[in-house]
Amino acid sequence: MLWSLLKILFFVILVAALAYGAGILMETGPGLRVAVADMEFVLGPLQAVILALLTVVGVWLLLRVAGFLVALVRFLNGDETAISRYFSRSRERRGFQALADGMLALASGEARLAMSNAAKAERFLRRPDLTNLLSAQAAEMLGDKGRARDIYKKLLGDDRTRFVGVRGLMKQKLAEGDTETAIKLAEKAFVLKPRHAETQTTLLQLQANAEDWKGARKTLNAKLRHGNIPRDLHRRRDAVLAVCEARDLMVDGDEPRARDLSIEANKLSPDLVPAAVMAARAYHAQGREKQAVRVLRRAWEAQPHPDIAAAFAELVPDETPQDRILRFAQLTDVRPDDPETRMLTAELAIAAEDFPAARKALGDLADTAPTVRALTLMAAVERGLGSDDEVVRGFLAKALSAPRGPQWVCDSCATIQPAWAPVCGHCGGFDTLAWKPAPANQAALAGASDMLPLLVGGGLEKSAD
């Protein structure tokens with residue numbers, strides 16, 4: 001508002017100044033006297049000023065006409081670009097203005113206006129490498145996928161725009177669900193621009209979904225080489241891919257190569273549970289028991305997990321329960337206060353029928369972290385100690401509605417997965433599964449509370465007291 005007022009005020013002052021100047025010129029004495037042959041012209045001051053302005057305009061027009069005549073003479077002499085150069089500046093200015101207007105229209109969501117400006121810019125500029133991309137994006141915004149696809153195919157014919165065309169077609173195939181064609185286009189785009197971070201990520205995701213572990217590792221290494229991924233994340237994901245490749249080799253019967261890859265994966269990421277388990281089994285198969293114990297102990301120190309305990313048990317499968325308790329001290333001494341360690345200790349004690357030791361190991365876990373497994377173990381301990389059936393049933397009834405504890409949960413979509421996998425089975429995210437408590441899922445426990453009276457026989461309240 002203030003700026004508009006200032007502009008109006010400036011205009012009024014300018015008009016007043018011009019009027020005042022014209023008045024002064026009119027009151028000035030004799031102006032300009034011009035004699036031509038026998039004729040004499042006397043111009044007043046204001047008329048002389050007007051004549052000077054007209055003279056300047058006339059000279060400018062004369063120069064423009066002279067320039068055009070020179071270009072015309074050159075054109076007639078065989079220089080076919082002379083006259084075109086004369087008009088090209090105006091066309092370029094109007095063409096780039098239309099291109100800018102089209103980009104602004106596309107950014108503001110006006111697809112039809114963007115398409116119109118793209119056609120106008122092409123008419124003036126004749127630069128399909130600039131205008132086709134704008135037209136393709138506008139067509140996609142309008143939902144005209146066929147026209148966008150045709151434009152992207154035109155871009156493939158120019159080295160400067162080939163990558164843009166391949167990338168556009170790749171995104172269309174991804175949207176259509178044609179992953180087989182999309183991965184071929186992604187590989188082509190990667191060859192054209194190996195440094196392009198988005199293309200690297202897309203290709204890596206597609207290769208992981210297609211279980212092309214070798215190709216995915218090459219793409220991951222390219223991301224590291226071009227600085228598009230932190231080194232620690234690269235090591236973690238390279239370990240994930242190595243584990244998957246080792247699994248496939250094990251299925252194919254190439255056990256030596258599978259063991260080497262398992263050990264390599266564990267060295268890349270010692271806290272990755274599947275890698276630690278496979279590496280321990282590889283060391284055990286090679287007779288290197290100390291290395292197997294070291295790998296599992298290090299993984300347990302990073303994150304206690306039931307799979308680690310199971311792999312540790314496989315190292316000596318025929319030992320007695322008492323011997324197993326002594327040997328498992330190498331694990332249980334690492335993080336003794338962790339709930340997983342306490343439940344593992346209780347399970348070992350129950351197997352040895354040492355129920356007081358099992359109760360001591362569980363402690364207040366049934367109250368502070370009442371998971372299905374902890375409550376079930378408490379029920380087994382109470383049964384072993386000879387407690388009333390109502391007490392046992394009470395713990396089992398509580399287990400029906402208790403959380404299951406840590407599970408493999410996708411960080412992207414929060415979906416629970418039954419086992420670890422490199423790719424989430426729900427959202428397709430790569431390396432998104434984490435061992436952590438799952439979000440509450442009441443649907444999985446529907447009707448559990450209705451079963452309590454049948455299980456406890458009316459004694460739940462007593463056991464709770």
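**View 1. Contacts of Trp-420 in the predicted model.** Leaving aside neighbours within four places in sequence, Trp-420 is in contact (heavy atoms within 4.5 Å) with Val-240, Val-243, Cys-244, Arg-247, Leu-272, Pro-274, Trp-408 and Leu-433. The model is predicted: local features require pLDDT of at least 70 and side-chain atom pairs pLDDT 80 or more, whereas totals for chains, interfaces and linings use all residues. Residues are numbered from 1 along each chain as its sequence is written, and side-chain values use heavy atoms, with hydrogens and water left out.

**View 2. The nonpolar cores.** A nonpolar core is a set of buried Ala, Val, Leu, Ile, Met, Phe, Trp, Tyr and Cys residues joined through side-chain atoms within 4.5 Å; buried denotes under 20% relative accessible area, exposed over 50%, and partly exposed the range in between, with a 1.4 Å probe and protein chains only. The largest such core has 53 residues, and those with the most contacts inside it are Phe-328 and Trp-420. Helix α13 (residues 273–285) supplies the largest share of this core, nine residues. Another core, of 30 residues, lies apart from it and includes Met-115, Ala-118, Ala-139 and Ala-189. Helices (H or I, at least four residues) and strands (E, at least two) are DSSP runs, numbered from the N terminus.

**View 3. The aromatic pairs.** Two aromatic pairs are present in the structure. Rings of Phe, Tyr and Trp (its six-membered ring) pair if their centres lie within 6.5 Å; planes under 30 degrees apart count as stacked, over 60 as edge-to-face and the rest as tilted. Phe-312 and Phe-328 form an edge-to-face pair, at 4.8 Å centre to centre with 75° between the planes. This pair links distant parts of the chain, with Phe-312 in helix α15 (residues 306–314) and Phe-328 in helix α16 (residues 321–332), 16 residues apart. Both Phe-312 and Phe-328 are buried. The ring centres of Trp-408 and Trp-435 are 5.4 Å apart and their planes stand at 65°, so this pair is also edge-to-face. Here too distant parts of the chain are linked: Trp-408 belongs to strand β3 (residues 406–410) and Trp-435 to strand β5 (residues 433–437), 27 residues apart. Trp-408 and Trp-435 are both buried.

View 4. Three strands form an open sheet in the order β4-β3-β5, with antiparallel pairing. Pairing requires that DSSP find at least two bridges between two strands. The edge strands, β4 (416–417) and β5, each pair on one side only. Between β3 and β4 the antiparallel pairing extends over two bridges, and the bridge partner of Trp-408 in β4 is Gln-417.

View 5. Arg-327 is located in helix α16 and counts as buried, at 14% relative accessibility. Its side chain makes a polar contact with the side chain of Glu-319 at 2.7 Å (a pair of N or O atoms within 3.5 Å; within protein, one must be able to donate a hydrogen and the other to accept it, and residues adjacent in sequence count only if both atoms are side-chain atoms). Not counting residues up to four places away in sequence, Arg-327 touches Phe-312, Ala-313, Leu-315, Val-316 and Glu-319. In α15, the residues Ile-308, Ala-309, Ala-311, Phe-312 and Ala-313 are buried. The buried residues of α15 pack against α13, α14 (289–302), α16 and α17 (339–351).

View 6. Val-191 lies in helix α8 (residues 179–192) and is exposed, with a relative accessible area of 61%. The C-alpha atoms of Val-191 and Phe-163, 28 residues apart along the chain, are separated by 9.4 Å.
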